[in-house]
Amino acid sequence: MGLLTQLATLPLAPVRGVAWVMDRVLEAAEEEYYDPGPIRAQLAQLEKQLVAGEIDEETFDQIEDQLLDRLEEIKLHEQGGLS
């Protein structure tokens with residue numbers, strides 16, 4: 001980029017800065033959303049609750065299905081099936 005181009009587009013610098021920050025925030029949010037670690041931890045905790053008698057089998061099955069669906073969504077995302 002030449003000096004004249006930089007000077008001509010200088011008023012747009014704050015917009016580019018905000019766009020860059022928003023891109024970084026979006027990337028961080030996606031990394032967190034598509035991290036399978038917390039889902040696996042929730043599955044382990046759910047099983048502990050079932051064994052301890054804190055929840056019944058029906059509740060366990062419902063929540064487990066939801067968590068397994070999330071893991072499948074994460075797997076598809078990692079394979080490039082979701083964006």
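These are my notebook entries on a few side chains I looked up in this predicted model.

**Ground rules.** Residues count from 1 along each chain as its sequence is written, and side-chain values use heavy atoms, with hydrogens and water left out. Since I'm working with a predicted model, local features need pLDDT of at least 70 and side-chain atom pairs count only at pLDDT 80 or more, while totals for chains, interfaces and linings use all residues.

**Entry 1: the ring pair.** I went looking for aromatic pairs (ring centres of Phe, Tyr or Trp, the latter by its six-membered ring, within 6.5 Å; planes under 30 degrees apart are stacked, over 60 edge-to-face, the rest tilted). The structure holds one. Tyr33 and Tyr34 make an edge-to-face pair, with 4.9 Å from centre to centre and 85 degrees between the planes. I then asked myself: is Tyr34 buried or exposed? I used these cut-offs: buried is under 20% relative accessible area, exposed is over 50%, partly exposed is in between, with a 1.4 Å probe and protein chains only. Tyr34 comes out buried at 13%, and Tyr33 is partly exposed at 41%.

**Entry 2: Arg70.** What does the charged end of Arg70 sit over? I found the ring of Tyr33 there, its centre 4.0 Å away. (A charge sits over a ring if NZ of Lys or CZ of Arg is within 6 Å of the ring centre and within 35 degrees of the ring normal.) Arg70 belongs to helix H4, residues 57–78; helices are DSSP runs of H or I, at least four residues, numbered from the N terminus. Arg70 is buried, at 18%. I also listed its contacts (heavy atoms within 4.5 Å): leaving out residues up to four places away in sequence, Arg70 touches Tyr33 and Ile39.

**Entry 3: salt bridges.** How many salt bridges does the structure hold? I got two, counting a side-chain nitrogen of Lys or Arg within 4 Å of a carboxyl oxygen of Asp or Glu. Arg70 turns up again here, bridged to Glu73 at 3.1 Å, N to O. The two are three residues apart in helix H4, so about one helical turn separates them. Glu73 is partly exposed at 23%.

The other bridge joins Glu27 and Arg24, with the closest N and O atoms 3.0 Å apart. These two are also about one helical turn from each other, because they lie three residues apart in helix H2, residues 13–33. I noted both as partly exposed: Glu27 at 40% and Arg24 at 31%.
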